[in-house]
Amino acid sequence: MASREGLLPVACTVDGFNYSGSVPARMTLAEFLTLRGRPVNTGCGTGQCGNCLVRLDGDVVRSCLVLAVQCAGASVTTAAGPEEATAAAREWMRACSALQCGFCSPSFVTTLAGLWPGRRAATPHTGESAPEEPGDVRRRISESLCRCTGYTGLARAAAGVSTGTLAPAPPEGAVGRAEDVRLLAGRGAFLSGLNPPGLLWARVVRSTHPHAALLSVETKQALAVPGVVAVFTATDLPDGLRRLHPDLGLPGPSEPLLAAGVVRYVGQPVALVLASGAAEAEDGAEAVTVTYDPLPVLDEPGSDAGPSPRDAERWLPPEYQDVSPEPGTPAPEPAVTLTREFRIARQTGMPMEPRGLLARWDDTSGELTVHGFTKHPRANAAAVARALGLRPSRVRTPHLDVGGSFGVKGELYPEDLLVPWAAVHLGQPVKWLEDRPEHLVAANHSRGQTWRVTMSADRTGALLGAEVSVVQDAGAYVRPLTTLVPRLATAMFPGPYRLPRYHAEARTVLTSRTPVGTVRAPGRLEANFVRERMLDMLAGALDIPPAELRRRNLLTGADMPHDAGTINEGPVHYDTGDFRRAFDDALARAAQTVPTGGDGGDEGDGDGLRRGWAVVPFVEKAGLGGPETAVATLLPDGRIRVDTAAAPSGQGHETTLAAVAAEVLAVPRDRVTVRFAEGEEPAAGIGTFASRSLTHTGNAVHRAARALREAVVARAAGTETAPTGWQLAYGQVRDAVGRTVTTLARLAATAGRPLRGRGDYDSDAHTYPYGAVTCAVAVDPELFTVRVERLAISCDAGRVIDEDVVRGQLIGGLVQGVGGALWEELPHAADGTPLARDLDGYLVPTAADVPDVTVRLLPPAPPRPGRSPDNPLGARGIGEAGTAAAAAAVASAIGAALPDLTHHLTELPMTPARLLAAQSAATADSTTTADSTTTAESAAAAGAAGAAVSATRTRP
């Protein structure tokens with residue numbers, strides 16, 4: 001029987017602790033556990049992602065689909081449970097580097113614990129539980145989705161757990177990732193776990209039309225819903241809070257925070273509902289009545305389309321790339337020139353943790369605290385301050401754990417201003433958590449490009465030039481990074497090759513779709529796919545093996561430094577590297593595991609599948625300029641604290657940045673902690689994105705640690721500056737002859753005031769990691785399903801600070817790119833309606849879809865004195881390197897398996913439907929060619945016969 005205010009009693013045991021109380025009838029088990037600090041994260045709310053798995057009386061359940069009241073008298077076990085199987089799962093995951101952001105990790109702990117022999121089902125014949133086969137392991141762990149790891153570490157951990165043995169001890173001196181212990185124990189500080197007293201929940205009412213006049217927004221019924229506190233529409237917002245980016249000078253329309261007069265895409269915010277609970281806010285949003293008058297849908301034109309008088313306002317100013325040889329250089333005669341069109345579907349980042357925000361206003365201090373900003377939190381804090389009339393120093397942005405980002409989190413969205421404004425306006429904490437359908441229509445989309453490419457080569461296969469036209473679907477409004485995506489695509493199109501002549505035009509057009517921004521490897525996944533498809537086609541036309549054609553055009557160490565002649569955020573300049581050597585290395589390694597020594601296909605293993613493989617080279621842009629300041633402090637207990645303005649979302653910054661400082665200061669890494677700035681502090685910078693953190697923040701930390709080292713030695717010596725020859729090693733200060741003068745701990749305890757070192761770093765130069773991706777596939781020639789059977793990546797990542805972190809980033813990026821190659825797509829109906837509304841409609845790779853990924857870290861190419869940018873660490877950003885060439889490698893492998901389709905593999909993703917269409921096009925081409933040949937042969941025969949008759953008649 002329901003108690004007061006619709007509450008129901010529940011009593012249960014969670015991880016051995018007894019809980020009792022009253023809960024709302026609609027509260028899920030996931031919500032119940034979260035409110036009690038237990039490790040459950042929800043990525044969809046509909047049971048599709050599997051991130052909320054727990055055990056209920058021994059059975060694995062999706063806690064977002066179970067009501068809390070159903071657990072009365074039950075025993076619930078989470079990833080924090082003390083039992084042997086759960087502990088073994090945690091240790092194996094740590095030993096195998098099986099996590100990154102940690103958002104999905106509790107669910108995998110629960111899954112892996114089920115593989116422990118004491119829990120695994122016995123086999124029918126022996127009555128004993130046998131270790132899992134690799135394929136079985138991957139199917140078992142596919143109950144949950146992970147967007148970060150690429151599953152290689154998870155599969156290895158699962159295999160280890162299934163043996164019933166404990167995880168191996170780490171090598172001597174190894175301490176593992178600093179983040180892993182708390183994340184695996186369920187102590188991750190994710191936004192969903194923050195629920196302060198007096199909290200109001202926000203729900204956004206969104207447009208259900210792609211383009212329509214907004215006639216009215218009726219809120220009266222919503223305000224009558226129990227628990228609803230307020231409903232805001234565009235007319236309620238102050239004048240300074242009407243537009244998202246009023247001062248950026250964007251080349252197109254800026255998005256309103258709440259629509260007024262017209263809506264331009266499905267998902268555009270129309271109203272904001274505030275209520276005492278999440279369910280009440282959702283009820284209130286459903287009660288808001290919006291009246292629309294549909295308008296014509298603005299669709300995406302093709303690559304050969306251009307502005308016409310009737311829709312010229314839809315087109316943003318074009319951007320160009322132009323690479324030409326010295327004036328007067330003669331243009332060689334091409335042996336082959338090909339022109340093809342390509343289409344890359346819209347995709348998105350799809351982090352397992354959707355976006356969210358919690359804002360708290362302190363009226364006494366006049367301070368606003370905003371949880372949930374990532375990527376560049378201080379830039380967003382400054383935008384909030386401007387919009388609300390505050391000083392940036394009055395907006396705090398404490399760092400939380402973030403369940404992945406991949407480019408889509410951290411941009412300034414309407415909710416990022418609406419939620420803080422509502423908190424200030426109402427004087428109560430306000431929380432908004434995006435659900436998965438919202439994420440698919442409201443968070444940035446990316447890709448969405450149409451290409452037209454003309455490319456030529458001489459008889460030896462040497463590339464002569466390329467003409468490129470790109471049309472970018474911008475969506476309904478221009479966001480700050482909308483036009484950057486096609487610029488990056490055209491800038492990186494030459495890639496690792498010599499391309500003496502190149503002209504590109506990028507045009508961006510407004511449509512009735514979600515606005516476009518960045519997603520992991522923006523522009524580069526697209527450019528690499530298109531370029532490598534053209535190379536495969538040129539190779540076929542010239543009868544040169546694709547691998548050999550690539551070799552002949554790849555840049556070598558002798559070509560360095562090399563200016564590509566294109567512009568992204570700055571000139572594309574490769575200061576060092578040997579792209580051909582890296583490619584040859586990957587080819588040689590691939591030859592050890594495939595039937596032949598070059599790209600190719602075969603009939604398979606008697607299973608009727610067509611197999612093919614390919615090796616594709618890449619060079620990737622990493623790092624974006626901007627000043628970074630870090631501070632290293634010697635604490636009273638002798639430990640070191642490093643303060644930075646980085647904003648990680650699973651990349652392992654606590655581990656890597658601590659390792660940088662530890663090496664300089666000659667202390668164990670676990671003696672260094674990393675803190676992320678939450679306000680206007682000495683530690684400052686522009687954040688974590690574009691694979692810039694190690695090259696920029698890392699170099700700032702390196703300099704801060706050096707400054708602290710000098711300060712420590714000077715204090716120990718009693719001098720203004722560190723004496724020559726004095727050193728800091730193993731926590732001891734030693735003089736020039738090696739005698740120990742003092743220890744860090746003693747110095748810290750007697751220093752009086754903390755010793756600090758500040759490091760500043762600023763460079764506009766990018767780094768360019770490079771390497772090759774190997775992919776082998778098996779294709780069903782009837783169903784056109786593709787199974788990826790082998791994946792490998794080799795990469796010159798520069799100096800590697802933490803190998804596990806680097807390997808994890810490369811593997812996760814590569815698998816995400818494979819998803820973009822084969823499954824991920826945001827389709828729209830003819831009327832502009834989005835068709836992907838959940839994880840059943842937007843398919844991301846599961847563990848069963850991909851194999852283990854092999855990673856080879858290449859010896860770093862040495863910098864060139866005076867020509868390489870200032871980069872004391874010598875590191876290259878690799879967060880997007882795996883993604884960049886993935887689609888190109890998958891497409892080339894499919895082309896090797898089905899060579900008749902090579903000229904028709906021109907669209908992403910390469911779904912069975914698109915491969916079937918490619919087969920139909922290839923068959924039509926073959927029929928047309930055959931018909932043309934027959935007609936020509938008949939005409940030639942008729943002509944010869946006629947000539948013979950004529951000759952006969954004219955004979956004497």
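**Figure 1. Strand 1 and strand 2 form a hairpin in this predicted model.** The two strands of the hairpin are separated by 2 residues. In the turn, Asp15 adopts a positive phi of about 50°. Strand 1 covers residues 7-14 and strand 2 covers residues 17-24. Their pairing is antiparallel and extends over 8 bridges. Within this pairing, Leu8 has Val23 of strand 2 as its bridge partner.

**Figure 2. Strand 1 also pairs with strand 5.** Strand 5 comprises residues 75-77. Strand 1 and strand 5 run parallel and are joined by 2 bridges. Here Thr13 is placed opposite Ser75 of strand 5.

**Figure 3. The largest nonpolar core contains 146 residues.** Trp451, Met455 and Phe493 are the residues with the most contacts inside this core. Helix 13, which spans residues 524-542, supplies the largest share of the core, with 10 residues.

**Figure 4. Another core, of 35 residues, lies apart from the largest one.** Its members include Leu665, Val733, Ala748 and Ala875.

Figure 5. The protein chain has an average pLDDT of 91, and 92% of its residues score at least 70.

Conventions
Residues numbered from 1 in each chain as written. Predicted model: local features only at pLDDT ≥ 70, side-chain atom pairs only at ≥ 80, totals over all residues. Heavy atoms only, no water. pLDDT = per-residue confidence, 0-100. Core = buried A, V, L, I, M, F, W, Y, C linked by side-chain atoms within 4.5 Å. Buried < 20%, exposed > 50% of the residue type's maximum accessible area, 1.4 Å probe, protein only. Helix = DSSP H or I, 4+ residues; strand = E, 2+ residues; numbered from the N terminus. Pairing = 2+ DSSP bridges.
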